[in-house]
Structure formats: structure tokens, C-alpha cells
Amino acid sequence: MNTLAWCPRCNREWNGHLECHCPTCHLLFNNIDAFDRHRRRNVCLDPATELRRDGEPAFQPVRRKSGETWGLSGTRDTLPEFLARRNMEVSVNDR
Ligand SMILES: [Zn+2]
Ligand SMILES: [Zn+2]
């Protein structure tokens with residue numbers, strides 16, 4: 001399960017099985033849920049500024065082998081303990 005995908009426009013590589021690259025804004029998302037969350041009416045939302053209804057950040061940056069990706073905050077894709085268990089060699093950027 002390590003199929004490398006590549007985008008010729010931003011020259012980024014990522015794991016095509018695990019991650020979703022946006023062909024419009026060229027950000028990388030941890031999974032299809034996070035990807036879907038950043039699309040609204042065919043427009044890309046900025047995960048750095050997008051908030052949930054309770055005012056908390058909707059996304060959290062996660063550093064993976066492929067570089068910075070975005071995951072939905074509060075899900076197992078951004079919780080360090082889950083990431084460590086899956087041995088994904090990441091550390092969460094919690095600043
Ligand atoms: Zn996008
Ligand atoms: Zn790209």
C-alpha cells in the first residue's frame with residue numbers, strides 16, 4: 001500500500017491510497033472526508049482558516065512523509081496517538 005502519485009503542476013508526490021490531492025488548490029488532504037470538507041459548491045475552502053460551527057478549527061495540519069497535509073481536527077487522522085499506532089512517521093504541528 002504505497003502507491004506514489006504525483007502532480008505535474010505543483011510537483012508534489014503523495015501516497016495515492018491514503019491521501020487526496022486537490023487538483024484545484026493543490027493542497028493535500030489526509031483522506032476523502034477532509035477533502036470533501038474543503039469543497040463547498042465547487043469552491044475550495046482554505047483549511048487554515050476554516051472553522052467548525054463551534055468555532056474550533058475544522059482542519060489540523062499534519063506532517064507526513066509527503067509533506068504537510070490537512071486532516072479534520074478531532075479525528076483519528078490528526079490525533080498523534082492514532083498516527084503513532086499506525087506507524088506513519090508523523091508529528092502533529094499543533095502551533
Ligand atoms: Zn482544493
Ligand atoms: Zn498539485
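Author: Let's start at Ala 34, which, once its neighbours within four places in sequence are set aside, is in contact with Phe 29, Phe 59, Trp 70, Gly 71, Leu 72 and Asp 77. (Contact means that the C-beta atoms of two residues, placed from the backbone, lie within 7 Å.) Keep in mind that this is a predicted model: local features need pLDDT of at least 70, side-chain atom pairs count only at pLDDT 80 or more, and totals for chains, interfaces and linings use all residues. Residues are numbered from 1 along each chain as its sequence is written, while chains are lettered from A and ligands numbered from 1 in the order in which they are written.

Ala 34 also belongs to the largest nonpolar core, a group of ten that includes Trp 14, Cys 20, Leu 27 and Leu 28. Such a core is a set of buried Ala, Val, Leu, Ile, Met, Phe, Trp, Tyr and Cys residues joined through C-beta atoms within 7 Å, and "buried" asks for 20 or more other C-beta atoms within 10 Å of a residue's own, again placed from the backbone. At least two residues of this core come from each of β4 (28-29), α1 (32-37) and β8 (67-72). Those labels are DSSP runs numbered from the N terminus: helices are H or I with at least four residues, strands E with at least two.

Now zoom out. The protein has two helices and nine strands, in the order β-β-β-β-α-β-β-β-β-α-β from the N terminus on. Of its 95 residues, 24% are buried.

Methods:
Buried ≥ 20, exposed ≤ 12 C-beta atoms within 10 Å, placed from the backbone.
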